[in-house]
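The sequence and the structure are shown first.

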Amino acid sequence: MSIDTRTLVARIEAEIAELTAAERASAGARQTVELDQQSVGRLSRMDALQVQAMALAESRRRAQRLAQLRAALKRADQDELGWCQDCGEEIAEARLTLDPAAPLCIACARGM
């Protein structure tokens, strides 16, 4: 492999740390929006519900990405990081530079 696996693993671990920190930081935005019309007006509550929905969607995206990154670390432990999970060919360095957790070469990702 032309790209250093240790470099890929370091980038993956850094992204995991970043996503984990972002998940902790956004915990408050995902909490249930209380119905208290004495202190919060209807429009403010609607805004809070929208913010909550966006935070929940972002949390799901982070969880999906974290799963991809953890799977990549598992492949690294098995010396399979950088090799296509479908055809077994080496994944191009440019693709791994863009996404160090890429599980497929470009041909297999496109379904060719």
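A residue is called buried when its relative accessible area is under 20%, exposed when it is over 50%, and partly exposed in between, with a 1.4 Å probe and protein chains only. The model is a predicted one, in which local features need pLDDT of at least 70 and side-chain atom pairs count only at pLDDT 80 or more, while totals for chains, interfaces and linings use all residues. Residues are numbered from 1 along each chain as its sequence is written, and side-chain values use heavy atoms, with hydrogens and water left out.

**Overall fold**

The protein contains four helices and zero strands, and its pattern along the sequence is α-α-α-α. Helices (H or I, at least four residues) and strands (E, at least two) are DSSP runs, numbered from the N terminus. Of the 112 residues in the protein, 26% are buried. Contact means heavy atoms within 4.5 Å; among contacts between residues at least 6 apart in sequence, 56% join residues at least 24 apart. The exposed surface comes to about 7600 Å², of which carbon and sulfur atoms supply 52%. Such accessible areas come from the Shrake-Rupley method with a 1.4 Å probe, and for residues only the protein chains shown count as cover.

Leu8, Val9, Ile12, Ile16 and Leu19 are the buried residues of H1. Seen down the helix axis, the buried residues of H1 fall within an arc of 95°, so they line one face of the helix; the arc is that of the directions from the helix axis to the C-beta atoms. Arg6, Glu18, Arg24 and Ala25 are exposed on the other side of H1.

A nonpolar core is a set of buried Ala, Val, Leu, Ile, Met, Phe, Trp, Tyr and Cys residues joined through side-chain atoms within 4.5 Å. The largest such core has 18 residues, and Ile12, Leu69, Leu81 and Leu96 have the most contacts inside it. H1 and H2 are the elements that give two or more residues to this core, and its largest share, five residues, comes from H1. Apart from neighbours within four places in sequence, Ile12 is in contact with Leu69, Ala72, Leu73, Leu81, Pro100 and Ala101.

Glu89 lies in the loop between helix H2 (42-77) and helix H3 (93-98). Its relative accessibility is 51%, so Glu89 counts as exposed. Not counting residues up to four places away in sequence, Glu89 touches Gly82, Trp83 and Cys84. Arg60 is located in helix H2 and is exposed, with a relative accessible area of 56%.

The table gives two C-alpha separations.

| Pair | Residues apart along the chain | C-alpha separation |
|---|---|---|
| Glu89 and Cys105 | 16 residues | 7.3 Å |
| Arg60 and Glu23 | 37 residues | 9.9 Å |

A disulfide is a pair of cysteine sulfur atoms within 2.5 Å, and by this rule the count is zero disulfides. Cys84 is in no disulfide, its nearest cysteine sulfur being that of Cys108, 3.6 Å away. Cys87 is likewise in no disulfide, with the sulfur of Cys84 the nearest at 3.6 Å. Cys84 is buried, at a relative accessible area of 5%, whereas Cys87 is partly exposed, at 40%.
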